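The sequence and model are shown first.

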Amino acid sequence: MKFRSCMLLPGTQLVRRSLCIRGLGCVPSRSFMNLRDVVSALNDFASLSLAESWDNVGLLVEPSPPHTVNTLFLTNDLTEEVMEEAVQKKADLILSYHPPIFTPLKRVTWKTWKERLVVRALENRMGIYSPHTAYDAVPHGVNNWLTKGLGACTSIPLRPSAAPSHPAEGTHRVEFCANNTEHLDTVLSKIKTIQEISCLVTLPVRVEGEEQTRVSLNCSQKALLEVVALLSQDNLYHKTEILLLQKPLLPHNGMGRLCTLSEPVSLSDIIERVKNHLKLPHVRLAMGVGKTLESPVKKAALCAGSGSSILKGTEADLYLTGEMSHHDILDAVANGISVILCEHSNTERGFLSELRDMLAIHLLNKVNIIVSEKDRDPLQVA
């Protein structure tokens with residue numbers, strides 16, 4: 001069977017349909033999505049605003065547009081071995097949970113392995129996207145997946161995420177009162193010349209039997225310095241209140257999880273549950289002072305990856321994470337808290353299979369999603 005190539009007339013749109021071949025039935029054509037549509041959908045799945053401020057998330061490498069995505073390749077760590085696998089499987093976009101570009105690159109050469117990742121991605125027209133701590137924070141993310149290893153439990157974030165923006169414009173609210181109308185008009189005219197001022201409101205009030213005008217405004221940190229300087233010049237600063245506008249906390253979003261088990265379970269049973277969930281032959285254990293393998297566990301604090309900064313100071317029977325510093329382990333043990341360590345990426349990698357299924361639905365099955373078979377934790381027991 002021969003196919004003749006043809007050119008499309010201007011304005012003509014190519015539509016992919018199933019191809020029916022006698023004797024073979026209908027073969028569905030492969031779907032695909034534009035890269036920017038995929039990135040938009042991924043950002044919708046887990047808002048990048050939930051990521052930690054120090055993190056490097058989002059689209060890190062972008063081939064020249066237009067770029068279509070037929071195969072999305074999932075990995076926990078993008079190593080050179082995993083990159084070769086992605087090339088062989090003809091991936092169009094790599095979703096690497098850990099960002100392969102973290103420390104800024106000053107050049108892109110063949111000298112270092114992370115530079116080579118960028119070179120190979122661009123040579124093979126593959127984008128690289130990293131969600132990292134955004135996936136840690138969302139209620140359908142890595143930490144919630146890790147809680148499933150404990151059995152039936154309820155959980156709340158150890159450190160809730162804040163909304164990406166303030167409830168009103170500006171970061172601060174400034175309020176002050178004045179009784180001299182003519183003088184106040186001069187002050188207000190000067191305030192209105194300051195950039196990044198919003199919600200300027202004046203209201204008549206009675207203070208200690210005296211008629212006054214109360215002024216309220218929102219402003220940025222930069223504008224606050226100018227407002228305070230102006231009010232100090234006009235002897236109004238001693239009557240001023242400055243409020244910091246807090247970003248509201250988002251329920252169910254945040255770092256780490258504090259889990260309350262439906263029924264107390266022995267530490268030995270928890271260890272077996274965790275090993276089964278993570279598909280590990282062994283874990284590392286530090287027993288809390290006064291605890292045994294038969295000690296009951298009712299509350300467990302966990303954090304995927306490196307959890308020291310999130311877990312520290314939390315009251316619980318057990319800490320579960322990938323890695324902790326030596327001294328943080330000693331602190332926990334001294335406080336009667338047992339610690340289970342599973343190695344950093346072992347507490348994250350298993351989420352990828354669950355992620356594959358969720359993204360298939362989220363992307364309306366328009367792209368082929370595969371999980372790396374070469375990705376693994378670098379540490380092993382010798």
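## Basis and count

A salt bridge is a side-chain nitrogen of Lys or Arg within 4 Å of a carboxyl oxygen of Asp or Glu. By this rule, 17 salt bridges are counted.

The model is predicted, so local features need pLDDT of at least 70 and side-chain atom pairs count only at pLDDT 80 or more, while totals for chains, interfaces and linings use all residues. Residues are numbered from 1 along each chain as its sequence is written, and side-chain values use heavy atoms, with hydrogens and water left out.

## Lys-148 and Glu-354

Lys-148 and Glu-354 form a salt bridge with an N to O distance of 2.9 Å. Lys-148 lies in the loop between helix H5 (142–147) and strand S9 (153–156), and Glu-354 in helix H11 (residues 351–362), so the pair ties together parts that are 206 residues apart in sequence. Helices (H or I, at least four residues) and strands (E, at least two) are DSSP runs, numbered from the N terminus.

Lys-148 is partly exposed, at 48% relative accessible area, and Glu-354 is partly exposed at 24%. Buried means under 20% relative accessible area, exposed over 50%, and partly exposed in between (1.4 Å probe, protein chains only).

## Arg-214 and Glu-175

A salt bridge joins Arg-214 to Glu-175 (3.0 Å, N to O). Arg-214 belongs to strand S13 (residues 210–219) and Glu-175 to strand S11 (residues 172–178), 39 residues apart. Arg-214 is partly exposed, with a relative accessible area of 24%, whereas Glu-175 is buried at 17%.

In the salt bridge between Arg-349 and Asp-375, the closest N and O atoms are 2.8 Å apart. Arg-349 is in the loop between strand S20 (338–341) and H11, and Asp-375 is in the segment after strand S21 (368–371), 26 residues apart. Both residues, Arg-349 and Asp-375, are buried. Together with Asp-77, Arg-349 and Asp-375 are linked in a network of salt bridges.
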